[in-house]
There are 2 protein chains.
Amino acid sequence: MIARRHNRVEYLLGIDGGGTGCRAALADRAGRIIGRGKSGSANIMTDIETARANILSATGQALQEAGLDISATSAISAVLGLAGANVNNNGARLEKLLPFARAAVKSDAAIALQGALGDDDGTTVILGTGSVFITREKGHVRTIGGWGFRVSDLGGGARLGRDLLEEALLTHDGVHPSSALAEKTMAMFGNDPHRIVAFAHDARPNDFGTYAPLVFEYADKGDRLALLLIDRSVKTIEEALDAIMPPEQDRLCLIGGLGPLYTSRLSPKYRARLHPPLGDALSGAVKLAVELFAPEEADHG
Amino acid sequence: MIARRHNRVEYLLGIDGGGTGCRAALADRAGRIIGRGKSGSANIMTDIETARANILSATGQALQEAGLDISATSAISAVLGLAGANVNNNGARLEKLLPFARAAVKSDAAIALQGALGDDDGTTVILGTGSVFITREKGHVRTIGGWGFRVSDLGGGARLGRDLLEEALLTHDGVHPSSALAEKTMAMFGNDPHRIVAFAHDARPNDFGTYAPLVFEYADKGDRLALLLIDRSVKTIEEALDAIMPPEQDRLCLIGGLGPLYTSRLSPKYRARLHPPLGDALSGAVKLAVELFAPEEADHG
């Protein structure tokens with residue numbers, strides 16, 4: 001999985017890329033950040049060429065911020081965390097397309113785990129638009145979930161937002177009792193169910209996800225529907241944790257945009273094991289780059 | 001809602017159109033069928049021009065089967081049952097585009113209700129790829145559900161098929177216990193979850209719906225997962241019936257491809273009120289055309 005073209009490691013690069021954007025952090029051999037950059041979508045599942053261009057754009061910005069010439073690109077060893085890295089050989093294909101000295105493409109979950117837990121054992125749940133569960137136990141890493149909005153990603157913002165719209169329509173039809181949240185949701189669509197239908201027809205997961213924070217807001221007010229939707233989501237999250245997190249393991253991090261909103265909603269069994277993440281996914285990519293490409297420095301750093 | 005161009009009614013036409021195809025039945029003034037035709041998609045929500053062309057193609061076939069010249073088109077009075085008739089004025093727009101003497105566009109649910117119940121009071125549930133609930137009580141007609149795959153259509157084949165794929169992935173991840181149906185489903189995708197993800201990414205509601213009959217097949221064998229999915233679907237169907245069907249009403253028809261499969265799964269309260277449908281949606285469109293455009297004949301027929 002590591003494409004080698006150059007033996008001398010001068011710079012280390014972490015990339016955190018996904019459907020909504022791509023962030024780069026350039027570091028020296030000890031892992032100290034010397035430049036950052038960001039650019040557009042790096043979705044290797046739908047468009048590997050655009051992903052490559054945006055990765056290089058973010059990298060170029062990071063080099064510039066570090067006061068380095070673009071020619072230093074060939075002296076970079078990079079770890080890239082990208083959704084879909086394990087699908088259809090996408091990761092290996094991208095590694096060959098990159099102009100770095102060395103490149104290792106990992107899953108987005110792998111760099112998030114490293115960022116949140118460092119080298120410790122533990123479990124991380126990424127709760128953003130989607131959801132994915134990843135655990136490390138005695139060096140062995142396992143991932144579940146994260147199969148996408150349409151058939152997975154339970155507890156993620158897209159599923160939660162979609163659930164809200166479904167319930168708003170059931171309320172409109174008189175099938176389920178109304179609530180302040182249901183009324184608020186209908187009002188946001190001019191109390192016209194056809195406008196929800198039109199929105200849903202074209203909505204991408206991100207679009208559904210924009211309604212998720214509203215559910216948490218109304219849950220805090222004790223809204224019946226909001227609490228029902230959150231309880232259902234928490235149940236799916238805890239079922240996945242029951243399956244992946246060893247009973248004796250004591251480090252659990254909820255990350256992603258919705259992570260902090262879910263922490264107070266977990267049952268005591270899991271709340272007791274919660275730890276704040278050490279760092280973000282991008283910092284995890286940089287840490288992995290140091291460990292993989294400059295291990296002698298990491299030992300001393 | 002009725003476009004008039006011609007006073008003399010010579011032929012009556014029923015059209016049953018939707019996303020997968022369009023059927024036409026031509027009748028004489030007494031409602032006796034004299035010709036039939038069918039053609040492609042008549043989805044007025046996505047492409048009103050193609051819908052119009054396919055409606056006229058099916059009508060042309062029906063005229064031909066009746067031994068009539070295409071010029072008889074202008075002597076036709078038609079009732080068309082089309083999904084999305086009430087959305088964005090689509091029905092009224094189409095009425096103006098048709099070359100018939102008179103045309104009335106109704107919802108797909110309205111012609112299905114007429115076909116299933118005739119002029120009696122009662123409730124009809126259309127359980128095909130989607131789902132919609134329609135009731136007639138003392139002449140007053142009310143519809144709920146049917147807001148589409150993404151945020152509604154509970155109990156329909158697309159939702160059921162999607163649910164199955166979600167459960168297959170949860171089983172694969174070890175979150176839910178396995179079952180013969182889950183194993184069968186995974187095997188259909190070469191036991192590769194990525195193939196389910198790829199399928200789901202591009203799947204239209206119809207595509208998800210192809211997996212629904214499998215759920216009923218395994219429910220009949222007592223499969224735990226199949227029974228769970230069917231029970232969940234039946235619960236959503238009965239919640240909608242609780243909301244729409246008056247307690248004293250005694251005629252309930254389940255129609256559509258999955259209707260007959262659900263009948264034995266209903267709770268006794270609703271099973272006791274089940275009646276086989278009198279006819280299909282196309283026959284309902286013809287009946288409505290007779291009532292609307294040749295009522296003096298209907299009284300004697």
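Nine residues of domain 1 of chain A are in contact (heavy atoms within 4.5 Å) with 16 residues of domain 2 of chain A. This is a predicted model, in which local features need pLDDT of at least 70 and side-chain atom pairs count only at pLDDT 80 or more, while totals for chains, interfaces and linings use all residues. Residues are numbered from 1 along each chain as its sequence is written, chains are lettered from A and ligands numbered from 1 in the order in which they are written, and side-chain values use heavy atoms, with hydrogens and water left out.

Let's stay with chain A for a moment. Domain 1 covers 3-117 + 280-300 and domain 2 covers 120-277, with bounds that come from an automatic or database domain assignment. Taken over C-alpha atoms, the centres of these two domains of chain A are 29 Å apart. Between them they bury about 920 Å², 69% of it on carbon and sulfur atoms; buried area here is the accessible area (1.4 Å probe) that two parts lose on being put together, summed over both. On the domain 1 side of chain A, A:L113, A:A116 and A:L117 lose the most area to domain 2, together 62% of what that side buries.

Now hop over to chain B and look for strand β8 (residues 131-137). Strands (E, at least two residues) and helices (H or I, at least four) are DSSP runs, numbered from the N terminus. Seven of the seven residues of β8(B) are buried, so the strand is largely enclosed by the rest of the structure. Buried means under 20% relative accessible area, exposed over 50%, and partly exposed in between (1.4 Å probe, protein chains only). B:S131, B:F133, B:T135 and B:E137 point one way from β8(B), and B:V132, B:I134 and B:R136 point the other way.

What does β8(B) pair with? Strand β7 (residues 122-127) of chain B pairs with β8(B) in the antiparallel sense over six bridges, where pairing takes at least two DSSP bridges between two strands. A hairpin of three residues links β7(B) to β8(B), and B:T123 sits opposite B:T135. Strand β9 (residues 140-145) of chain B also pairs antiparallel with β8(B) over six bridges, and B:T143 in β9(B) is the bridge partner of B:I134.

Last stop: helix α6 (residues 193-202) of chain B, where B:P193, B:I196 and B:A200 are buried. The buried residues of α6(B) pack against α4 (157-172), α5 (180-188) and α7 (205-209) of chain B. The face turned away from that buried side carries the exposed B:H201 and B:D202.
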